[in-house]
Every structure is written in C-alpha cells, then in structure tokens.
Amino acid sequence: MGAAVAAQVRATGATVLWCSAGRGASTRQRAAEVGLTEVSGLGELVGRSQILLSICPPAAAEAVANEVAAHGFKDGVYVEANAITPGRVGRIAAVLPDATVVDGSVIGSPPRDGKRPRLFLSGPGDAADQVVKLFAATDVQARVLGTELGQASALKLAYTSYQKASRVLAALSYALAADHGVEDELLEVAAGRSGSYLLETGYIAKTAARAWRWGPELIEAAELLEECGLPGDPMRGAADALVRWEGERDAELGLAEALARLHSSR
C-alpha cells in the first residue's frame with residue numbers, strides 16, 4: 001500500500017522521498033520503478049519533508065512516530081494513516097508537538113490497475129486540506145471527515161470490525177462444511193443471498209496471505225469496541241483464527257493449502 005500511494009503522489013510531479021536504511025532489494029526495486037528519491041537516513045528524510053505519510057503495520061505506528069519525533073520533525077504535517085485506535089492517534093500527536101498531526105485511514109485496495117481507495121482524514125482543517133490537495137489528481141480519493149483527531153481511525157476500525165472479521169468467518173464456515181463433505185451445499189445455500197462472502201472461496205487464500213497484518217487490526221478494533229462499552233471478543237476470536245496463518249505472509253496459497261494451515265494449531 002505504501003509504495004502504491006507514493007507512486008500516485010509522484011505521478012503528480014511532487015518529489016517523494018524514501019529512506020533506504022535497513023530496507024531490502026524488493027523495496028529498492030519498488031521505489032525505483034515509481035521514481036522515488038532515495039535518502040540514506042531517516043534524519044535527512046524528516047528534515048526535507050513537508051508532509052510525512054505513515055502507512056505501516058498497526059503495531060509499528062507509535063515506534064515510527066517516535067523515531068520521526070527524535071529527528072525533530074516540526075512545522076510540517078504528519079499523516080497518521082494506520083489502523084489504530086483514536087487513543088493511539090492522540091499519543092502520537094503528543095510526541096510530535098511541533099508538527100501538525102492529521103488522523104487518516106485508507107480503505108480499499110492499493111491504487112493500481114484502476115483501483116481507487118479512499119483516504120479519510122480528520123484533524124486541523126488547513127493541514128487536512130493540504131493532504132486533500134496532494135491527492136487531488138490521483139486515484140487516492142481523499143476526504144475530510146472533520147476536525148477531531150480519531151474520527152478517521154474510528155471509521156477504519158468500524159469497517160475492519162465487519163469486513164475483515166466477516167472474511168475470517170467465511171473461511172471458518174467453509175472449512176467446517178468441507179470437513180463434513182457439504183461444502184457444495186453450503187455454497188448453494190449461500191447463493192440465495194446476494195453478496196455473501198461465503199461464495200468467494202478464492203478469497204480464503206488471500207485472507208491467509210494477509211493474516212499477518214489483519215490480526216493486529218482486529219485487536220485494535222477489539223480495544224476500541226471495549227473502550228466504547230461494546231464487546232470486543234468477536235474481534236479477538238477472529239484475530240486468534242488468523243494466528244493459524246501468521247507464517248503465510250504474502251504467500252501464494254491454493255484453497256486446499258490455506259484450509260490445511262487453518263486446521264493446524266500453532
């Protein structure tokens with residue numbers, strides 16, 4: 001997602017920096033393919049940037065912000081675009097007092113091959129408007145929700161609570177039916193309801209490949225639900241199921257392989 005979003009900004013003619021320190025050959029190749037400008041260290045990147053966009057696994061969001069703060073980022077806009085709770089967004093804003101933090105959430109697939117994800121924003125109006133203008137001529141559809149930090153993150157986790165947990169439930173349902181030889185009948189029943197994830201058996205392997213990042217998102221969703229006095233256990237249960245697939249990071253599995261991994265405890 002990060003590389004695809006960077007490519008969209010670069011296509012507008014803007015200079016987009018990337019830090020090569022500690023990154024592998026595949027990252028370097030992606031950066032070269034879309035024309036990003038390499039810098040050797042995070043300090044140089046922070047010092048030269050007017051807008052920083054953080055897109056990373058949820059567990060790393062605060063560590064990334066702390067690193068940026070340690071390099072003295074100030075007078076710029078920091079877009080916290082990760083699937084984290086509003087409370088964590090607030091903590092990130094607190095460690096970057098000399099910058100303007102904008103809460104963000106990306107919903108949709110990476111912007112390539114005609115796909116147009118949405119970037120929802122909330123926070124100080126002038127800064128949020130800068131981000132909207134940055135993406136105005138791209139396939140990333142940026143929209144401001146309001147001035148309150150946390151609104152964009154809450155929307156992302158609300159969507160995650162349904163969309164990702166539903167994919168996990170569909171995989172479990174199909175696995176259970178297949179164990180008893182009634183998977184075809186399950187699909188026949190599901191066909192009576194339009195838009196059922198149960199019919200998209202090809203997505204089970206995709207869910208397995210994304211489990212390493214979906215699981216932490218679901219834990220964030222559980223925490224936010226519980227903060228609101230709502231039950232978070234369903235999200236925690238879905239995250240527990242995804243643990244079975246943690247070792248399949250971005251793997252290209254077939255349906256049978258994905259189901260076999262789901263059955264094996266770790």
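Me: How many helices and strands does the secondary structure of the protein chain come to?

Reply: This is a predicted model, in which local features need pLDDT of at least 70 and side-chain atom pairs count only at pLDDT 80 or more, while totals for chains, interfaces and linings use all residues. Residues are numbered from 1 along each chain as its sequence is written, and side-chain values use heavy atoms, with hydrogens and water left out. Helices (H or I, at least four residues) and strands (E, at least two) are DSSP runs, numbered from the N terminus. For the protein chain, the secondary structure comes to 11 helices and 7 strands.

Me: What is the radius of gyration of the protein chain?

Reply: The radius of gyration is taken over C-alpha atoms, and the globule rule is 2.2 Å times the number of residues to the power 0.38. For 266 residues this rule gives 18 Å, and the value for the protein chain is close to it, so the chain is as compact as a globular protein of that length. Along its principal axes, the C-alpha trace spans about 60 × 45 × 35 Å. The radius of gyration is 20 Å.

Me: What percentage of the residues in the protein chain is buried?

Reply: Buried means under 20% relative accessible area, exposed over 50%, and partly exposed in between (1.4 Å probe, protein chains only). Of the 266 residues in the protein chain, the buried ones make up 42%.

Me: Among contacts between residues at least 6 apart in sequence, what percentage joins residues at least 24 apart?

Reply: Contact means heavy atoms within 4.5 Å. Of the contacts in the protein chain between residues at least 6 apart in sequence, the share that joins residues at least 24 apart is 59%.

Me: Why are the buried residues of helix 5 said to lie on the same side, and what arc do they cover?

Reply: Helix 5 (residues 86-95) has Arg88, Val89, Ile92 and Ala93 as buried residues. The arc is that of the directions from the helix axis to the C-beta atoms. These residues are placed on the same side of helix 5 because they cover an arc of only 145 degrees.

Me: Which elements are among those that cover the buried residues of helix 5?

Reply: An α-helix has 3.6 residues a turn, so residues three or four places apart point the same way. The cover over the buried residues of helix 5 includes both helices and strands. Among them are helix 4 (61-70), strand 4 (77-80), strand 5 (100-107), helix 7 (151-179) and helix 9 (203-227).

Me: Is alanine 61 buried or exposed?

Reply: Alanine 61 lies in helix 4. Its contacts, leaving aside neighbours within four places in sequence, are Cys56, Tyr78, Glu80, Asn82, Ile84, Arg88 and Ile92. Asparagine 82 is 21 residues from alanine 61 in sequence, with a C-alpha to C-alpha separation of 6.8 Å. With a relative accessible area of 0%, alanine 61 is buried.

Me: Against which helices do the buried residues of helix 11 pack?

Reply: In helix 11 (residues 255-263), the buried residues are Ala258, Leu259 and Leu262. They fall within an arc of 95 degrees when seen down the axis, so they line one face of the helix. They pack against helix 7, helix 9 and helix 10 (233-243).

Me: Which residues does alanine 208 contact, leaving aside its neighbours within four places in sequence?

Reply: Alanine 208 lies in helix 9. It is buried, with a relative accessible area of 0%. Its contacts beyond those neighbours are Trp245, Glu248, Leu253 and Ala258.

Me: How far apart are the C-alpha atoms of leucine 242 and arginine 210?

Reply: Leucine 242 is found in helix 10, and it is buried, with a relative accessible area of 1%. Leaving aside neighbours within four places in sequence, leucine 242 is in contact with Val168, Thr207, Ala211, Trp214, Gly215 and Leu218. Leucine 242 and arginine 210 are 32 residues apart in sequence, and their C-alpha separation is 8.9 Å.

Me: What is the phi of aspartate 75?

Reply: Aspartate 75 is found in the loop between helix 4 and strand 4. At 73% relative accessibility, this residue counts as exposed. Although aspartate 75 is not a glycine, its phi is positive, at about 65 degrees.

Me: Where does aspartate 250 lie?

Reply: Aspartate 250 is not a glycine, yet it has a positive phi of about 55 degrees. Its place is the loop between helix 10 and helix 11.
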